[in-house]
Amino acid sequence: SLAGVLLASEHGAGDLCQPAGLLLRRRQLGASFGHYQGQRYRQLAGVATALAALADGECAYLSAALSSYLPAATTPPTGALPAELEVALERLQLLCESNTQRDFLTDAPRFKQLLAGRLETLATLLRAHHLLLANGDAQVRQRVEQTLQRGYQLLLAPA
């Protein structure tokens with residue numbers, strides 16, 4: 001149920017999954033932090049790590065964090081997307097990947113409702129940033145195109 005909340009949330013779910021709020025086994029740390037199904041998530045690293053942990057086995061929820069965490073300021077890589085666009089893209093990627101793996105959100109109508117909303121959000125942001133993408137890094141543009149294509153394929157697939 002926690003994975004469903006994380007995948008369905010439009011805001012704030014990342015706050016639940018900051019590193020100080022996650023209690024993970026040693027094997028879940030290191031290179032796997034911020035990854036879900038082999039893909040790295042920069043903006044939603046905590047959510048991706050939590051989904052990977054939830055898919056991997058039993059978990060416990062702690063109502064209070066064991067420590068505090070303030071992320072260090074980072075400079076976005078050259079050619080990176082604006083933060084709001086990156087978050088929307090990662091939300092869509094996590095939702096699609098979780099459906100492909102059949103880990104969470106097994107209710108098809110609920111999944112498609114969430115998927116349609118994520119595609120709409122991303123399309124709105126793309127309208128605002130289309131020139132940046134058109135004139136930017138080809139790999140970033142390809143990532144956006146592939147994610148949209150995958151999302152629409154899942155949305156239009158028969159139930």
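Predicted model: local features only at pLDDT ≥ 70, side-chain atom pairs only at ≥ 80, totals over all residues.
Residues are numbered from 1 along each chain as its sequence is written, and side-chain values use heavy atoms, with hydrogens and water left out.

Back to Arg150, then. What does its side chain meet? Arg150 and Glu97 form a salt bridge, at 3.0 Å from N to O. Arg150 belongs to helix H6 and Glu97 to helix H4, so this pair ties together parts 53 residues apart in sequence. By salt bridge I mean a side-chain nitrogen of Lys or Arg within 4 Å of a carboxyl oxygen of Asp or Glu. Side chains of opposite charge can pair when their charged atoms come close. As for Glu97, it is buried because its relative accessible area is 10%.

How many salt bridges does the rule give? The count is two. In the other pair, Glu86 joins Arg143, with the closest N and O atoms 2.6 Å apart. Glu86 is in helix H4 (residues 83-101) and Arg143 in helix H6 (residues 138-156), so this link too spans distant parts of the chain, 57 residues apart. Is Glu86 buried or exposed? Glu86 is at 9% relative accessibility, so it counts as buried, while Arg143, at 24%, counts as partly exposed.

Now the whole chain. It has six helices and two strands, and from the N terminus the order is α-α-β-β-α-α-α-α. These are DSSP runs numbered from the N terminus: helices are H or I with at least four residues, strands are E with at least two. Of the 159 residues, 36% are buried. Take contacts, meaning heavy atoms within 4.5 Å, between residues at least 6 apart in sequence: 76% of them join residues at least 24 apart.

One last stop, at the strands. Gln37 sits in the loop between strand E1 (35-36) and strand E2 (39-40). Its phi is near 50°, a positive value in a residue other than glycine. Gln37 counts as partly exposed because its relative accessibility is 39%.

Conventions:
Buried < 20%, exposed > 50% of the residue type's maximum accessible area, 1.4 Å probe, protein only.
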